[in-house]
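Visitor: Please show me the model, and then I will ask about it piece by piece.

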Amino acid sequence: MKQSKLLIPTLREAPADAEAISHKLMLRAGLIRQLASGVYTYLPLGFRVLKKVQDIVREEMDRAGAQELLMPAMQPAELWQESGRYDVYGPELIRLKDRHGREFALGPTHEEVITSLIADEVNSYRQLPMTLYQIQTKYRDERRPRFGLLRGREFLMKDAYSFDRSWEELDETYRAMYDAYTRIFTRVGLNFRPVQADAGAIGGEGETHEFMALADIGEDTIVVSENGTYAANLEKAEMWWEAPAASDAEIAPMDRVHTPGVHTIDQLCAHFGAEASAFMKTLLVLVDDQPVAVVVRGDRELNETKVLNALGGERIELADNAAVERLTGAEVGFAGPAGLAKVKLLVDREVQAMESGIAGANETDYHLANVKPGRDFEADLVGDFRNAAEGDMSPDGSGPLKFYRGIEVGHVFKLGTKYSEKLGAAYLDETGRRQDAIMGCYGIGISRILSAVVEQHYDDNGIVWPEEIAPAKVHIIPASAKDETQMNLANELYARFMAAGIEVMLDDRDERAGVKFKDSDLLGIPYRVVVGREAAEGRVEFKARTAADKETISVEEAFERLT
Ligand code: ATP
Ligand code: MG
Ligand code: MG
Ligand code: MG
């Protein structure tokens, strides 16, 4: 790569709206440019890094026995209606119509597509287990796209889906994926931690882990016990609704309620003009000070029925502010900063004192009315880890908790039969009986990794790429482009590195040495060879990007060190 021919538009200053250090550096180093909010172009050097990350992910997924395919981003709405997620997914799902008025969605994830494919193409237990993956552009209309590639609306994800014949088989597949993820994040140079994550539904059958890159900019809080045996997302650690129902007899007085749709707490808070926060786990919906519904943070999503009940049975369009104001009137109170909604944030003791409510998973027909915490759920589990603080004993008793900020770079999830049941992904077992495939899903934020790595690898002068994903290994810089001896040696070295299969970039621009060095530091290529005053003696200045000082060594030695 000759720099004079490459599009690397470096900047002295980052645009004022870039907050995250990685966002600033990636713009300044000419790796990415924004087209629209949360939508980016990868410029040539940025694209090289992106491809390296993809290569590592491919290698490790293939090694783990997964097969690659590529599914469409454009997905028919019917598929999402079949799974029940079309109405549930909310405004994050980008919807569009074709010229015939048929509805489509731009895939934020591919459970529906892959499960319907397997439903059509796999029939026998002999074909399973099977894990399929793709590296593909995803679309999510994020409420707050920000921090460059960390939270995009169009971004690159690796998503894998496994189909097993038993939970035991899934355990093995899950383990293989977990191990592959550990290798991937190690290879890309991240300081990361796998943590227990929140499955998102009461009694959710799926074990789930998130892989968190440690960084202050991270939007998640993770808690780790001193000796490291316990590590979880704070959301998970604080979940108080893990206990099963105390007994069948006590469940009896509760009614199952139909649930036409759900909304996330984030959406609700956005609607009511309040900020969702990590501590907001329990919302109680009140009418005339009477509790009518409870929404648990572990639920993740606020059920529309609960709101309906709260507001006297009238349907509200959460997209329509005026409607809510009309319905809620003066009685509305929100314990958050806005003080406007008919929804109140409660602490655990208050919830325990509550008479009854509705609870359930984010699924149609999976809700119970007249639930009483303490009676229907073990009371002593209520609140144990609510508002966990640094220094609290970890849930497994392994030591006091420390808090860190993390960026979710990967997520592995045991799904069970949630999608296979609905979309008909069944196979015939040895005895000829139809069985639903047991599924798992596994995501990696490929583009997010770039930002996460930069958050962890930079100094005052720029990016410091880990070698495995750097845009090149060696940066050759002739101090003066006008000096023929220097240019000749630089060109010779460049040709030798290329012949040896070493990725090399030559700064052949006619710029001042200072400008070239500054750019070089900013770009963060791991090794720099400066061809300067001692070129005639065959000596060059050698410096690793991480080293404080340069050394003057022979061309031969420089070559040897890098091959
Ligand atoms: P987050 O909690 O950050 O919103 P998520 O839990 O919604 O992420 P998943 O559905 O688990 O994301 O998707 C798998 C992976 O895709 C995530 O672990 C993350 O690395 C990546 N990812 C998710 N949303 C984005 C985004 N908006 N921009 C870039 N990467 C993303
Ligand atoms: Mg998300
Ligand atoms: Mg998440
Ligand atoms: Mg996730």
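Guide: Helices (H or I, at least four residues) and strands (E, at least two) are DSSP runs, numbered from the N terminus. This is a predicted model, in which local features need pLDDT of at least 70, side-chain atom pairs count only at pLDDT 80 or more, and totals for chains, interfaces and linings use all residues. Residues are numbered from 1 along each chain as its sequence is written, and chains are lettered from A and ligands numbered from 1 in the order in which they are written.

Visitor: Which residue takes a positive phi just after α1?

Guide: Helix α1 covers residues 21-28. Just after α1, a positive phi of about 70° is found at G30.

Visitor: Where does G399 lie, and is G399 buried or partly exposed?

Guide: G399 sits in the loop between β22 (377-378) and β23 (401-416). Beyond four places in sequence, G399 touches S225, E226, N227 and S394, where contact means C-beta atoms, placed from the backbone, within 7 Å. With 15 other C-beta atoms within 10 Å, G399 is partly exposed.

Visitor: Which element gives the most residues to the shell around ligand 1?

Guide: A residue counts as near if its C-beta atom, placed from the backbone, lies within 6 Å. Of the 15 residues around ligand 1, those that come nearest are F155, H411, G443, G445 and R448. Two or more residues each come from β8 (154-164), β23, β26 (438-445) and α13. The element that gives the most, with four residues, is β23.

Visitor: Which strands stand at the edges of the open sheet of three strands, and why is one side of each without a neighbour?

Guide: Strands pair if DSSP finds at least two bridges between them. The sheet has the order β4-β6-β5, with antiparallel pairing. Each edge strand has a single partner, so one side is left without a neighbour in the sheet; these strands are β4 (74-76) and β5 (94-97).

How values were computed
Buried ≥ 20, exposed ≤ 12 C-beta atoms within 10 Å, placed from the backbone. Contact = placed C-beta atoms within 7 Å.
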